[in-house]
Amino acid sequence: IDLAPESTFCLYDWRKGKLLASHTMKTDRVFDIKFKPGDDSSIVTCGVKHINFWKHCGNALQTKQGKLINKSGEIQSQMCLVFGDDGNCFSGTLSGDIYQWQNGELSSIVSNA
């Protein structure tokens, strides 16, 4: 992901030196990116007021923005990512909360972690 005014997310096979897919992103800065363990086609990015879940399919990157269910969380900057042993994604927020994500939807919050 570059730092141009409209960032481009490029996925490479570094062993072959080949561009697999690319996608133009919004102007929001990205702070972290992680592949889902055991699934090289699932990627998560987070940053200024967003978390996005990506799927690499052929030569395309499909994106799905994280959803707040029942508006239990607040839209805020997501600073970092980690995956749990169960495959769920966790993000650390600017306010110090930890959000747990299942299938791209907010499932629980640990406040003031």
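Which residue takes a positive phi in the hairpin of β9 and β10? Asn103 does, with a phi near 50 degrees. Two residues lie between the strands of this hairpin. Strands here are DSSP runs of E of at least two residues, numbered from the N terminus.

This is a predicted model: local features need pLDDT of at least 70, side-chain atom pairs count only at pLDDT 80 or more, and totals for chains, interfaces and linings use all residues. Residues are numbered from 1 along each chain as its sequence is written, and side-chain values use heavy atoms, with hydrogens and water left out.

Four strands form an open sheet, in the order β7-β8-β9-β10, with antiparallel pairing. Two strands pair if DSSP finds at least two bridges between them. The edges are β7 (78–83) and β10 (105–110), and each pairs on one side only. From one strand to the next, the twist averages 25 degrees. This angle is taken between N-to-C directions, on a scale from 0 to 180 degrees, using axes fitted to C-alpha atoms.

Now look inside the hairpin. Strand β9 covers residues 98–102 and pairs with β10 over five bridges, in the antiparallel sense. Ile98 stands opposite Val110. Gln100 has Ser108 as its bridge partner.

Together with Phe31 and Leu94, Met79 makes a nonpolar surface patch of about 290 Å². Such a patch joins nonpolar side chains within 5 Å, from residues with over 30% relative accessible area and no salt bridge. Areas come from the Shrake-Rupley method with a 1.4 Å probe.

Phe31 lies in strand β3 (residues 30–36). Leaving aside residues up to four places away in sequence, Phe31 touches Cys46, Gly47, Val48, Gln78 and Met79. Touching means heavy atoms within 4.5 Å. Phe31 counts as partly exposed because its relative accessibility is 40%, where buried means under 20%, exposed over 50%, and partly exposed in between. Met79 is partly exposed too, at 34%.

Charges come next. Side chains of opposite charge can pair when their charged atoms come close. The structure holds two salt bridges, each a side-chain nitrogen of Lys or Arg within 4 Å of a carboxyl oxygen of Asp or Glu. One joins Asp32 to Lys34, with the closest N and O atoms 3.1 Å apart. Asp32 is buried at 15%, whereas Lys34 is partly exposed at 31%.

The other salt bridge links Asp39 and Lys55, at 3.3 Å from N to O. Asp39 sits in β4 (residues 39–47) and Lys55 in β5 (residues 50–57), so the pair ties together parts 16 residues apart in sequence.

Conventions
Patches are made of residues with over 30% relative accessible area and no salt bridge: like charges are joined within 9 Å, nonpolar side chains (Val, Leu, Ile, Met, Phe, Trp, Tyr) within 5 Å. Buried means under 20% relative accessible area, exposed over 50%, partly exposed in between (1.4 Å probe, protein chains only).
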